[in-house]
Amino acid sequence: MKKILSIKNIIISLLLLLGVWQLIYVLTDFSSALFPSPLQAFNAMAEMISNGILLTHIGASMYRFAVGYVSSVIIAVLLGLFLGRLPKVFQYINPAVQLLRPISPMAWMPFIVLWFGIGDIPAIIIIFISAFFPVLLSTVSAVNGIDPIYMKVSKNFGIKQPQIMWKVIFPAVFPQIANSIHLALGTAWVFLVAGEMTGTQSGLGYLVIDARNNLRADILFADIIVIGLIGLILDSLLKTAEKQILKAWGGAD
Amino acid sequence: MYIEIENARKTFLQNGREFTAFTDVSLSIEKGEFICLLGPSGCGKSTLLNAIAGFSPVTSGSVKIEGKEVKEPSIKNVTIFQNYGLLPWRTVQKNVELGLESQKVPKEERRKISDKYIEMVGLSDFKKSHPRQLSGGMQQRVSIARALAVSPDIIFMDEPFGALDAITRMKLQDDILSISRREKKTIILVTHDIEEAVFLADRIVIMTANPGKIKSVLTVPLKSHRERTASDFLQVRDKVFELFNMKHEEHIEYMI
């Protein structure tokens with residue numbers, strides 16, 4: 001029942017968005033080359049689907065996103081687990097992290113392109129950076145805040161390193177980390193498009209630039225819709241996965 | 001003597017000042033005894049338990065188990081905590097098997113041992129449940145089963161029934177008493193509940209605060225089967241009240 005209701009919410013909300021779009025199209029007198037109607041955008045989308053261009057670009061983007069995001073999360077969590085257990089070391093690392101964190105990953109783009117050239121790597125690195133710091137910092141703080149009774153019990157029952165890390169510490173902090181992994185997904189997706197706009201010759205971000213250069217506002221809009229839709233789908237997939245895992249964790253009833 | 005505590009003293013640094021949790025504590029405990037450390041909060045009873053269990057060794061003096069100085073916790077001496085200390089992401093069965101895993105007991109053997117103790121605490125129908133799905137009393141039963149599963153010599157209990165309602169508490173007291181008789185473990189239990197101490201203990205160690213000290217050690221002259229409402233039970237309870245100076249004088253002298 002709840003699910004049906006939320007599907008209803010989604011459909012109405014999206015129809016509203018289309019309505020506003022159509023309304024703006026009707027009320028303003030931009031030429032349709034500058035501001036296409038929803039119908040024109042959908043026609044462009046159908047065109048790109050039928051000639052396979054869209055799928056190629058989605059494939060390129062998804063590959064970069066998967067590699068960048070997954071490797072970032074894994075490395076950030078592992079590093080966070082260790083640094084969380086070594087607060088004295090982290091005291092020396094934290095200021096540097098705090099300095100690097102507010103820098104937009106895009107600021108590194110010129111260097112990244114100079115060092116790694118055009119291709120998959122720049123976008124992957126941008127995604128990696130964008131997900132890395134939030135996950136790292138939340139893991140460290142979750143490990144610092146771990147209930148001391150878990151450590152007492154582990155000591156008492158003779159659980160030593162490295163088992164204590166994956167048997168006790170990681171599962172104990174996972175529910176807190178899960179939230180930041182989820183948030184980082186959104187951030188990483190935002191930066192995927194930005195990363196592909198300069199460093200690549202394919203992908204949904206590149207398609208934005210390509211459509212602009214060819215003065216195809218309809219393709220541009222179609223692309224933007226696809227970017228939003230995939231972001232939405234990724235988010236809800238992760239949300240479902242998160243729920244399943246937390247259920248197996250015995251929490252969040 | 002099995003457990004030997006001599007002139008033990010524990011101090012902490014608190015806001016730059018030294019704080020004495022307990023001092024001048026000397027106590028000998030025999031194998032198989034059920035000891036209750038009884039006292040008001042701040043008398044250092046939990047700190048003393050933590051010192052014997054090895055979580056936080058004494059500052060001076062000595063705590064020895066079987067002649068060996070206690071420096072760290074051991075799987076031979078398991079502690080049961082007030083808030084259970086269960087791992088919420090593990091099922092009841094996996095929680096009970098926790099200590100067996102680190103002892104490298106093979107999987108089938110683990111299953112057999114955990115089944116046995118889960119049955120002993122009456123939770124066979126909840127093996128696959130997670131702690132959060134159980135009541136407080138049931139969770140404490142899981143942690144009792146987890147402790148027994150590694151067949152420890154000593155079981156430490158730090159206000160184990162403090163978070164439970166009165167009726168559940170009495171039920172668990174009954175259970176722990178019968179388990180201790182059957183399994184013949186040495187048990188040291190911290191409590192501030194006088195009745196609980198009288199019901200469970202072979203000897204009650206009465207502690208007072210500021211600084212934490214042992215005031216007296218009372219041998220409970222009751223048989224192993226105890227009735228909470230029997231007159232001999234009430235007499236012992238009275239005696240403890242007296243030792244805490246909590247019995248009001250019956251004769252009041254008037255000055256005219």
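**Exercise 1.** State how much area domain 1 of chain B and domain 2 of chain B bury between them, and how much of it lies on carbon and sulfur atoms.

*Solution.* The model is predicted. Begin with the bounds: in the domain assignment of chain B, domain 1 covers 1–76 + 152–239 and domain 2 covers 79–151. The contact draws on 24 residues from domain 1 of chain B and 20 residues from domain 2 of chain B. Between them the two domains of chain B bury about 1700 Å², with 65% of this area on carbon and sulfur atoms. Taken over C-alpha atoms, the domain centres are 24 Å apart.

**Exercise 2.** Find how many salt bridges and how many residue pairs in polar contact link domain 1 of chain B to domain 2 of chain B.

*Solution.* Take the salt bridges, for which the cut-off is 4 Å between nitrogen and carboxyl oxygen. Across this interface the rule gives 1 salt bridge. The side chains of B:R141 and B:D175 form a salt bridge, with an N to O distance of 2.8 Å, so the pair meets the cut-off. Next, the polar contacts: the count between the two domains of chain B is 5 residue pairs, both residues at pLDDT 80 or more.

**Exercise 3.** Describe the side of domain 1 of chain B that touches domain 2 of chain B, by element and by residue class.

*Solution.* Strand 7 (154–158) and helix 6 (166–183) of chain B each supply at least two residues of this side. Helix 6 of chain B gives the most, with 8 residues. Sorted by class, this side of domain 1 of chain B holds 14 nonpolar, 8 charged and 2 polar residues.

Methods. Residues numbered from 1 in each chain as written. Chains lettered and ligands numbered in written order. Predicted model: local features only at pLDDT ≥ 70, side-chain atom pairs only at ≥ 80, totals over all residues. Heavy atoms only, no water. Domains from an automatic or database assignment. Contact = heavy atoms within 4.5 Å. Buried area = accessible area lost by both parts, 1.4 Å probe. Polar contact = N/O pair within 3.5 Å; in protein donor to acceptor, adjacent residues only side chain to side chain. Helix = DSSP H or I, 4+ residues; strand = E, 2+ residues; numbered from the N terminus. Nonpolar A, V, L, I, M, F, W, Y, C, P; charged D, E, K, R; others polar.
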